[in-house]
Amino acid sequence: MSGVVRFGVLGCADIALRRILPAMTSHPGVRLVAVASRDRDKAATVATRFACEPVTGYRSLLDRDDIDAVYVPLPPALHAEWIRAALTSGKHVLAEKPLTPSGPETTALTTLAGVTGRVLVENVMFLHHRRHRLVRELIANGAIGDPVAFTGSFTIPPRPSGDIRYSASLGGGALLDNAVYPMIAAQLVLGRGLRVVGAVLRNDGASGVDVAGAALLRRDDGVTAQVTFGMDHGYTSEYHVLGRLGRITVERAFHPAADADTEIVVHRQGHQVPERIAVPPDDQYGNTLTAFVRAVRGGITGAFGEITVSTAELVDQVWRCASAGT
């Protein structure tokens, strides 16, 4: 197809209002057509704010023929149902992470995207910030030698009472909400083939969801990745790559502001002072939409990136490992 991609939105989640809908309204390749909610008044309020049409009910939006793609910012437990419905309705799908709460469900949906000839993208926006491409280029060019270990963390302070992250029935918890960030970063740096060999989850007694955790991953050659995650902490968003000849540090790794200057810090062996590589502002939110639009226009079908499925499998391994007490 050519021209703009016409989007509808299933739900009025906070991430949609803060990040994605503003990006959609300013992106030249996107036209925001409608936003749907089960609550008519909520749909009307959001539609007025973003100059689009309100729709009552998700199915009513999927039945429209003036929408090419849908954005799904619903709670994780609802993703599989509505992503499946969207794909079988002939819509391309951009869905918030995690794509689903389980590896088998995620695999099934990625297969369905290929069968239906639609684009399916898990909305992991930091992947589209230039810093992470530069990190991979530095490693490929031998800046720190072969990577031997990765450590990463994404932790946030406690959320307000009633936040869906504290709802087990809606797919809440720190593993699904936070852990996927350093897990994906580890795979960007170390490649696929990581498996979980140890994990701990700490549950909240009141809500029953996990609010903190850590996991140790390894490749068959002994290269390791350690990830820390949670929503009962001070804020951290960073990763470090240790190589045979130095290390790389990336701070504010996962949610930098679109207008923020960032940097990559390289500690080279034999150098007393680290090298600080300045990275100009980069809009990972707009870049995410650009990548999606290119896929739709280019007729690329199926799920984007095997990393979506491999991350879902790692999440399942953490559940099993932590439950077994290993």
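Me: What is the largest nonpolar core made of, and which residues have the most contacts inside it?
Reply: In this predicted model, the largest nonpolar core has 48 residues. Those with the most contacts inside it are Phe150, Met183, Leu217, Tyr239, Val241, Ile248 and Phe254. A nonpolar core is a set of buried Ala, Val, Leu, Ile, Met, Phe, Trp, Tyr and Cys residues joined through side-chain atoms within 4.5 Å. Buried means under 20% relative accessible area, exposed over 50%, and partly exposed in between, with a 1.4 Å probe and protein chains only.

Me: Which element gives the most to this core?
Reply: Helix α7 does, with twelve residues. Helices (H or I, at least four residues) and strands (E, at least two) are DSSP runs, numbered from the N terminus.

Me: What other core lies apart from it?
Reply: There is another core of 30 residues, which includes Leu17, Val46, Ala69 and Val293.

Me: Back to α7: where does it run, and is Asn178 in there buried or exposed?
Reply: Helix α7 covers residues 174-190, and Asn178 lies in it. Asn178 is buried, with a relative accessible area of 0%.

Me: What is Asn178 in contact with?
Reply: Leaving aside neighbours within four places in sequence, Asn178 is in contact with Phe154, Ile156, Phe229, Gly230 and Met231. Contact means heavy atoms within 4.5 Å.

Me: New topic: how many disulfides are there?
Reply: A search of the whole structure finds zero. A disulfide is a pair of cysteine sulfur atoms within 2.5 Å. For Cys12, the nearest cysteine sulfur is that of Cys52, 8.9 Å away.

Me: Are those two cysteines buried or exposed?
Reply: Cys12 is buried at 18% relative accessible area, and Cys52 counts as buried at 15%.

Me: What does UniProt place at residues 133-248?
Reply: An unreviewed UniProt entry gives the feature "domain: GFO/IDH/MocA-like oxidoreductase" there. UniProt positions follow the numbering used here, feature names are shortened, and annotations may be inferred rather than shown by experiment. In the model, that span is 22% helix and 39% strand, and its end C-alpha atoms lie 13 Å apart.

Me: How many helices and strands does the chain have?
Reply: The chain has nine helices and 15 strands. Buried residues make up 53% of its 326 residues.

Technical notes: Residues numbered from 1 in each chain as written. Predicted model: local features only at pLDDT ≥ 70, side-chain atom pairs only at ≥ 80, totals over all residues. Heavy atoms only, no water.
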